Structure formats: C-alpha cells, structure tokens
Amino acid sequence: MAATKKKAVRKAKKGERIRQVAAIPFRLDTHGDIEVMLVTSRTTRRFIVPKGWPMKGKSGRKAATIEAREEAGVLGKTLTQPAGTYSYWKRLANRFVRVDVIVYLLEVTEELADWQEAKRRQRAWLTPADAAMLIDEPDLSTLVKTLKFPEPAPVA
C-alpha cells in the first residue's frame with residue numbers, strides 16, 4: 001500500500017475527510033462532438049473515471065495525469081484548472097469512508113494499445129450524457145453531465 005494511501009486511511013479512521021485526484025479523458029469524435037472515457041473499477045467492475053491518491057511531490061494535476069495513463073492507457077494534455085469536485089463513499093477493508101475528489105480534464109492525444117492496468121480494466125468512449133447514465137456515484141454522474149469543455153482551436 002502506498003504511503004499516501006496509508007496516510008489517507010489513518011486520517012479516515014480519525015473521522016477526517018480524505019481526498020483523491022481524478023482525470024476525465026476527453027476527445028472530439030469524427031463529427032466534432034465531445035466524448036469522455038470511462039474505465040471499470042478493478043473490484044466491482046462499475047464504470048468510473050481514472051482516479052487515485054495524491055502523490056508526494058506531485059501536483060494534483062500531475063497525479064491525475066499519471067492515473068489516467070496507468071488506469072486508462074491515455075496520454076495527453078491535462079488542463080491546469082480543475083473541472084470540478086465530487087464526493088463518494090470508498091469501501092475499505094472494514095468500513096466506508098467519505099472521499100472528496102478533485103477532477104481534471106485530460107485532452108487525449110494518444111491511446112495506448114497496452115498499459116499498466118489493461119488486463120484489469122475495460123475502457124469506453126461515450127458521450128457525456130451516456131457516461132453519466134452509466135456512473136453509479138451521483139455526484140460524479142452530475143459532474144460528467146454538466147462539464148464545461150474548452151472550445152476547440154479553430155482549424156487554420
């Protein structure tokens with residue numbers, strides 16, 4: 001277990017809120033419409049976004065970028081400002097804890113054929129509305145449904 005996760009679990013046991021970072025990978029489809037990528041969780045196989053614990057010495061944005069590469073096999077440009085936040089109940093060994101997640105948008109430039117968690121996760125490109133319907137966590141579903149994406153650069 002990573003040191004940051006151990007620290008988060010200690011905080012949770014004291015009743016403190018803990019936090020994670022997440023990335024919502026996005027791209028334009030062939031019609032110029034936005035698609036977002038969801039991945040399945042390793043244990044329950046529910047659709048979620050790539051997320052993880054903060055990483056020592058790395059910004060939240062950088063940690064979200066790393067999580068997207070490891071869990072979804074995507075590379076790209078993570079936008080500087082968070083896209084929003086959501087909260088959910090995380091299942092630990094013998095309890096549930098409330099986790100606050102800071103979410104960053106990641107504009108995908110490359111999709112890897114093989115990545116660290118490829119054998120343990122599935123990934124899917126969906127419209128934000130379809131993705132929101134597949135997500136069980138209400139706060140994340142609402143965030144995905146109401147995301148504001150950057151305007152695409154005009155083609156010269």
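**View 1. Lysine 51 and the ring of tyrosine 88.** In this predicted model, the charged end of lysine 51 sits over the ring of tyrosine 88, at 4.8 Å from the ring centre. Tyrosine 88 is buried, as is tyrosine 86.

**View 2. The aromatic pairs.** Two aromatic pairs are found when the whole structure is searched. In one of them, the ring centres of phenylalanine 26 and phenylalanine 149 are 5.2 Å apart and the planes stand at 55 degrees, so this pair is tilted. Because phenylalanine 26 belongs to strand β1 and phenylalanine 149 to the segment after α4, the pair ties together parts that are 123 residues apart in sequence. The rings of tyrosine 86 and tyrosine 88 also form a tilted pair, with centres 6.1 Å apart and planes at 35 degrees.

**View 3. The largest nonpolar core.** This core has 28 residues, and those with the most contacts inside it are Ile24, Val36, Tyr86 and Val144. At least two core residues come from each of β1, β2, β6 (84–91), β7, β8, α3 (128–134) and α4 (138–145), while β7 gives the most, with five residues. Apart from this core lies another, of 14 residues, among them Val21, Val39, Ile48 and Val74.

**View 4. Helix α2 and its surroundings.** The 13 residues of helix α2 (residues 60–72) should span 18 Å at 1.5 Å a residue, which agrees with the 17 Å between its end C-alpha atoms. Buried residues of α2, including Ala63, Ile66 and Glu70, belong to the set that packs against β1 (18–28), β2 (34–40), β4 (51–52), β5 (74–78), β7 (96–111) and β8 (123–126). Just after α2, glycine 73 takes a positive phi of about 70 degrees.

Key. Residues numbered from 1 in each chain as written. Predicted model: local features only at pLDDT ≥ 70, side-chain atom pairs only at ≥ 80, totals over all residues. Heavy atoms only, no water. Helix = DSSP H or I, 4+ residues; strand = E, 2+ residues; numbered from the N terminus. Expected span 1.5 Å × (residues − 1). Buried < 20%, exposed > 50% of the residue type's maximum accessible area, 1.4 Å probe, protein only. Contact = heavy atoms within 4.5 Å. Core = buried A, V, L, I, M, F, W, Y, C linked by side-chain atoms within 4.5 Å. Phe/Tyr/Trp six-rings, centres within 6.5 Å; stacked < 30°, edge-to-face > 60°. Lys NZ or Arg CZ within 6 Å of the ring centre and 35° of its normal.
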